[in-house]
Amino acid sequence: MFWQKDIELMPPEQLRELQTTRLRRSVAQAKKSPFYAKALAGVEPQSLNSPEDVRSLPFTVKKDMREHFPYGFLAVPRSQVVRLHASSGTTGTPTAILHSKADLRSWANLMARGLYMTGVRPSDVFQNLTGYGLFSGGLGMHYAAERLGTMVIPAGAGNSRRQILLMRQMGTTVMHIIPSYALRLAGAFAEQGLDPSTDSKLKIAIIGAEPHSEQTRKRVEELFGVKAYNNYGLSELNGPGVAIECPEQNGLHLWEDAFLLEVLDPVTMEPVEPGQVGELVLTTLERRAMPLIRYRTRDLAALLPGECACGRTHRRLSRIVGRSDDMFIIKGVNVYPMQVESVLMDFKAIGGQYLIVLENKGEADAMTVRAELSPEAAGLSQKERDGLARALAKALRDELLVTPAVEILPPGGLPMSQGKAERVQDRRNFS
Ligand code: DLL
């Protein structure tokens, strides 16, 4: 049942003591880097006496990492660095995340712990359908699955025909996949007259790397006949494996021996109550090459109150409800793309892909939701499509309090992305 029983079931008080010891060590280590030598000047690691004492330290933001690219956060000699990853931002200077051998070992172990928790075993065949390269999803998951002892198929992202062939030939039982791609892949099975729930041996899907709704998870589970486990992470904090669901599927256990979590009001930066949504702020407790102190992730989620029936003491996060920088304002209303997705996924005739387009139209801003039909609904008549568009517009208005225009597209009608799906195009000119 457990990969590291003593750590996974560690009593909360003991876990806090471990965190305090590791926080001191992490701060001392961080101070060896040029950035933190300045930012933490005057901070005495031994004066930190509880996990809450982290609040006396300054935040780290992505901009700091950009400005100190590539080696400003490095806390070990360059010769000890064995791997570079980068975060997925598409604009501006990238951020470099540097790992030592020990860092990679500890990351692989953490993610292996998560995989084991979902039921992955050495007897499984593990197909990794995420991109290999600077993106941390591919290699990060690859080494974790190897560490666990499963046979890994390093398929990478895209090329659905080959993915399906590999799955069927090799008897793949576990897939690691970005949820928007999982829905496309189900469509590719259907195009070949195959049903992924019966024409594959899949039983587990590990999904993550992009926000997705509960409805999307359910869809992946139904289409593929699997249990789909939500896995959260970001490159700055290693990558996959920061928090992941157990078989209870009631929140994501955040590995608190490796990360110190704060959930803060993004405006006041004060802690919010358990159950309330706030920004996740994380401090690494194990990283040597590049420790990060109070990193503002911009991801929004709630810390869930109560204990988990699985017995693990590491506290649970809700799914990510959005990013503070994802939210857009239209006609004065705050909207998160995830709200739109939840509505769309309640309609069986709608497939997994959608795009929200924001434009200036005359005096006011206009919002258009473009949604693809599911392969099964591809044959709907124009009249039926119009009816569907009207029903969608109404359901979206009820959820968002603004009425968008809705365009229904055939399956495959939106541009395909190799990695994370693009969900919002803001073409507005604010000048
Ligand atoms: O996406 C790491 C990863 C790879 C996680 C594979 C899980 C699986 P980045 O490219 O740096 O790293 O993007 C990190 O993606 O801040 C979130 O906004 C979003 N994200 C990641 N996992 C989830 C998830 C990887 N399960 C950014 N749910 C994060 C919602 C997620 N959003």
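Helices here are DSSP runs of H or I with at least four residues, strands are runs of E with at least two, and both are numbered from the N terminus. Residue numbers start from 1 along each chain as its sequence is written. This is a predicted model, where local features need pLDDT of at least 70, side-chain atom pairs count only at pLDDT 80 or more, and totals for chains, interfaces and linings use all residues; side-chain values use heavy atoms, with hydrogens and water left out.

Most residues other than glycine have a negative phi, and most peptide bonds are trans. Now look at Phe69 to Pro70. That peptide bond is cis, with omega near 0 degrees. Pro70 sits in the loop between α4 (62-67) and β1 (81-86). Next, Asn159. Its phi is positive, about 55 degrees, although Asn159 is not a glycine. You will find Asn159 in the loop between β4 (151-153) and α7 (160-170).

On to helix packing. Axes are lines fitted to C-alpha atoms, for helices over the stretch in contact, and angles run from 0 to 180 degrees between N-to-C directions. Take α7 with α8 (residues 179-191). They pack at about 80 degrees, axes 10 Å apart. The two are therefore roughly perpendicular, the label for 65 to 115 degrees. Who touches whom? Contact means heavy atoms within 4.5 Å. Ser160, Gln163, Ile164 and Met167 in α7 meet Tyr181, Leu185, Ala188 and Phe189 in α8. That contact holds six nonpolar residues, two polar and no charged. Nonpolar covers Ala, Val, Leu, Ile, Met, Phe, Trp, Tyr, Cys and Pro; charged is Asp, Glu, Lys and Arg; the others, Gly among them, are polar.

On the α5 side, the contact residues include Trp107, Met111 and Leu115; on the α6 side, they include Met141, Tyr143 and Arg147.

Now the ligand. How many residues surround the ligand? The count is 21, and the closest are Asn230, Asn231, Ser235, Asp299 and Lys420. The cut-off is a heavy atom within 4 Å. The shell divides into seven nonpolar, 10 polar and four charged. α6, β7 (227-234) and β8 (239-245) each supply at least two of its residues. β7 gives the most, five.

Polar contacts next, meaning N or O pairs within 3.5 Å. Lys420 puts a polar side-chain atom 2.7 Å from a ligand oxygen. An N or O atom in the Asn230 side chain is 2.8 Å from a ligand nitrogen. A backbone N or O atom of Pro211 lies 3.3 Å from a ligand nitrogen. Taken alone, the ligand exposes 610 Å², and the protein buries 96% of that. Those areas are Shrake-Rupley, with a 1.4 Å probe.

Technical notes: Polar contact = N/O pair within 3.5 Å; in protein donor to acceptor, adjacent residues only side chain to side chain. Parallel < 35°, antiparallel > 145°, perpendicular 65-115°, else oblique.
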